[in-house]
Amino acid sequence: MTAPSPGAGGAPAPLQAVYEGWRGVSEPVEGADLRVLSLGAGVQSTTLALMAAHGEIGPMPDAAIFADTGWEPRAVYEHLDWLSGGNVLPFPIVRVQGVNLRDQVIDRATRSHGRFITIPYFLQRGGMGRRQCTGEAKIEPIHQAVRALLGVPKGARATRYRVEQWIGISRDEIVRMKAARVPWITHRWPLIERRMTRRDCLAWLARHVYPEPPRSACIGCPYHRDDYWRRLQREDPDAFADAVAVDRAMRAGGPIRGMRQLEYMHRSCRPLDQVDFRSEAERGQLSFLDECDGLCGT
Ligand code: SF4
């Protein structure tokens, strides 16, 4: 399977073109030895799991795999406990952990030797660090779990197996579709097959009277938008305080070995507790939507 190429000059192709590029690529793997659902425990993968449980997507996965980065907000673990318990899903949820990303940041920030942080934090002089967190904390542990489910011994090759892995990407996130890193796993995107957006997922969950899943991502992820930080600050002050402490620890001893410049969790390159996360309306600046009464910019 090859990924659709980006547009001319490396610019992202328009979403529709990207969709067309993947059309027909996402389908059940005939004669698969194993079907797994990659469960992040956010809106999309939760919807996928529950749609499978309702028989709306098939064939039924053999298991869902949650790769724990060790740094998710409490709400995600509570949601996962709910999904794992009772009679919610007809297949098991396998929890695996490769690295604990929070511990990794603290460890690498406090040692005078070792490697760079794998989370791509913002760099003092511009740009971001190298991103390896997803590979180390998500992709690799899921591959290890798949091998264990197949019964492949350590060090043995898994190439004779055919594995179908469901990924919970919705239509509005189509640019995130990527082929699997190993040839014996084939990614499948059932929400894309149904052209479902995140909003469609929320509507499906509401129709079936399921709780709205929390946003699933590491507490200290640099990709959070300000509205996420704002919500975390208000609704989960312990998690926000933890992010502030880790952000501060990253610079306490100067640049982390191998980086040569300071790193920050927030794109403004300010300490997290010094960023003003109030909305524009709260700062006395009405947003465009508040002000225009729906007549402009529609
Ligand atoms: S949520 Fe952010 S920090 Fe965590 S693994 Fe993904 S990209 Fe890395």
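**Notebook: from one loop to the whole fold**

I started at Glu72, which sits in the loop between β2 (63–67) and α3 (74–84). For the record, I take helices (H or I, at least four residues) and strands (E, at least two) as DSSP runs, numbered from the N terminus. The model is predicted, so I keep in mind that local features need pLDDT of at least 70, side-chain atom pairs count only at pLDDT 80 or more, and totals for chains, interfaces and linings use all residues. Residue numbers start from 1 along each chain as its sequence is written.

Is Glu72 buried or exposed? Glu72 counts as buried because it has 25 C-beta neighbours inside 10 Å. My cut-offs, with C-beta atoms placed from the backbone: buried is 20 or more other C-beta atoms within 10 Å of a residue's own, exposed is 12 or fewer, and partly exposed is in between.

Next I looked up what Glu72 touches. Leaving aside neighbours within four places in sequence, I find Tyr77, Ser216 and Cys218 in contact with Glu72 (contact: C-beta atoms, placed from the backbone, within 7 Å). I also checked Gly220, 148 residues from Glu72 along the chain: their C-alpha atoms are 8.7 Å apart.

**The ligand shell**

Cys218 turns up again around the ligand, along with residues including Thr69, Lys138, Cys221 and Tyr223. I count a residue as near a molecule if its C-beta atom, placed from the backbone, lies within 6 Å of it. Helix α5 (residues 133–150) gives the largest share of this shell, 4 residues.

**The sheet**

I then followed α5 to the sheet: this helix lies across β1, β2, β3, β5 and β6, at about 145° to β2 (axes are lines fitted to C-alpha atoms, for helices over the stretch in contact; angles run from 0 to 180 degrees between N-to-C directions). The 5 strands form an open parallel sheet, ordered β3-β2-β1-β5-β6, where strands pair if DSSP finds at least two bridges between them. At the edges are β3 (93–96) and β6 (185–188), each pairing on one side only. From one strand to the next, I note an average twist of 30°. Between β1 (residues 34–38) and β5 (residues 163–167) I see 5 bridges, and Val36 has Gln165 as its bridge partner in β5.

**Last look: the whole chain**

I logged 10 helices and 7 strands for the protein chain. Of its 298 residues, 31% are buried.

Methods. Two residues are in contact if their C-beta atoms, placed from the backbone, lie within 7 Å.
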